[in-house]
Amino acid sequence: MSTQTISPAERDRLIIFDTTLRDGEQSPGASMTRDEKVRIAKALERLKVDVIEAGFAIASVGDFESVKAVAEAVNESTVCSLARTSPGDIERAAEALAPAQRRRIHTFIATSPIHMQHKLRMEPDAVIEAAVGAVKLARKFTDDVEFSPEDAGRSEEDFLCRILEAVIDAGATTINIPDTVGYTLPETFGPLIGKLIQRIPNSDKAVFSVHCHNDLGLAVANSLSAVQHGARQVECTINGLGERAGNAALEEVVMAVRTRQDQFDCDTGVNTREIMTCSRLVSGITGFPVQPNKAVVGANAFAHESGIHQDGVIKARETYEIMRAEDVGWTDERIVLGKHSGRAAFRQRLTELGITIKSDAELNAAFTRFKALADRKHVIYDEDLQMVVSETRHDELAEHLKLVEMQVTSHSTQKPVCQMTLQIDGQVVETTGEGGGPVEAAFNAIKAATKTDNELVLYSVNNVTPGSDAQGEVTVRLKKGGRIVNGLGAHTDIIIASARAYVHALNRLEAPERSTHKTL
Ligand code: KIV
Ligand code: ZN
């Protein structure tokens, strides 16, 4: 299909529905506090996404409070809450969304034979009845109601037609087709959307949407195929965060549609220059690093290593680049501040990066940390500044445990030993640990002092910026009982970064207000 002759004004709007705060949060370890969700929601609003799914109001008190706080904070984007079909779910979603300028209730029920038989234990007619009831009830609270037949990718087409016609009749304004288990292929998923639109008699009364999971690495391809067959909303997440292998990555969907306008008769309203800021914010808050070769937002996405490629790009950028790095928010002015920079320049650069400093105390703490970093590191990049603020906020929240100072000795023939001073619930505690390496020695020192009982399920180190004086960004994932949390730490010394990440993760394990999906 070539749509080259369509002018921008004639193109349909492709609605971008961001579910980083709901499906994204379902990634193991990616739970966020209410304040963190509000910060991400504000960044999503600057990105100009159309809909922000802020959570699943009935899932927990934390989720309810987060949806409400996002509803209060956001002015432009529509704020949405997920709800099953039961009246309690719908009412709770409506209550959390009440302060929103624009609100949407998103209700869902499974429609695949395997889910209806084994999970719901419901007959197909009863599933239709529940869906219709939920949509009718949701319409009492808002005119903007979305319905999803969960596991649509493995549902029977005839049954989908029946239930979708019924919910549109009941008042659903968006019909979202989820490939819940990431099972479908672009060659069949796109045409399925086209067939549903064609076969359902009242399909013109609703916007068709897709929600694809990435279990086979096809979430973006399936979403784009659906758009080419008539879908006008894509559900996606920043950095492709989400349940299991994640959701379709927002930045990839948006840039594919924007870059290949010759293949799409629609476009999004996204301000693509905000993409990098959002990507870094989400990765910093969740502790999920972005792989260097990730499309659009990975550190290498615009780096040319081979001499032939470099030569080509110097002669004419289009030889090897299909997008402009600056269009997605990579700036050339990445070397921003140094050790002589003052408080005003520091604050201004944070504002330019979209980081809002909450108080003078926070500014002072972040500035002190920045000065200490500038003493150790020749040039300070934007990425360093993001880390400085994240680390400052981790310290602010670190009520239970704080790393005061530490020292590790490494030796080629003896075990490394770590001596550390911690503050535990206000008490200063000296501790030591040994290990196979200095990181393990540091972790053992913390474990000895806190007597913590948890399992380390992930440890990873990435450099924040180039150069041998770069800060190492460490992610530590801990599991205790059914709970998984991520901790992040950054420092030019990766052993200190590791200890900080471990301390951050332990604080998160202790934090009671974090939203979880435990009640479901
Ligand atoms: O993957 C899925 O099916 C979902 C629905 C709730 C839309 O997340
Ligand atoms: Zn999902």
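Modeller: First a definition: a salt bridge here is a side-chain nitrogen of Lys or Arg within 4 Å of a carboxyl oxygen of Asp or Glu. Keep in mind that this is a predicted model, where local features need pLDDT of at least 70, side-chain atom pairs count only at pLDDT 80 or more, and totals for chains, interfaces and linings use all residues. Side-chain values use heavy atoms, without hydrogens and water, and residues are numbered from 1 along each chain.

Biologist: How far apart are the closest N and O atoms in the salt bridge of D158 with R199?

Modeller: Side chains of opposite charge can pair when their charged atoms come close. D158 sits in helix α6 (residues 157-170) and R199 in helix α7 (residues 186-199), 41 residues apart; helices are DSSP runs of H or I, at least four residues, numbered from the N terminus. The closest N and O atoms of D158 and R199 are 2.8 Å apart.

Biologist: Which residue forms a salt bridge with E36?

Modeller: The chain is split into domain 1 (8-286), domain 2 (301-330), domain 3 (335-395) and domain 4 (398-510), with bounds from an automatic or database domain assignment. Between domain 1 and domain 4 the count is one salt bridge. With closest N and O atoms 3.4 Å apart, the partner of E36 is R508.

Biologist: Which helix gives the most residues to the side of domain 1 that touches domain 4?

Modeller: The contact (heavy atoms within 4.5 Å) takes eight residues from domain 1 and seven from domain 4. Four of the domain 1 residues come from residues 275-286, which is helix α10.

Biologist: How far is an oxygen atom of ligand 1 from an N or O atom in the side chain of R22?

Modeller: The residues around ligand 1 (a heavy atom within 4 Å) include R22, D23, H211 and H213. A polar side-chain atom of D23 lies 3.0 Å from a ligand 1 oxygen, and for the side chain of H213 the distance is 3.0 Å. For R22, it is 2.9 Å.

Key
Chains lettered and ligands numbered in written order. Helix = DSSP H or I, 4+ residues; strand = E, 2+ residues; numbered from the N terminus. Polar contact = N/O pair within 3.5 Å; in protein donor to acceptor, adjacent residues only side chain to side chain.
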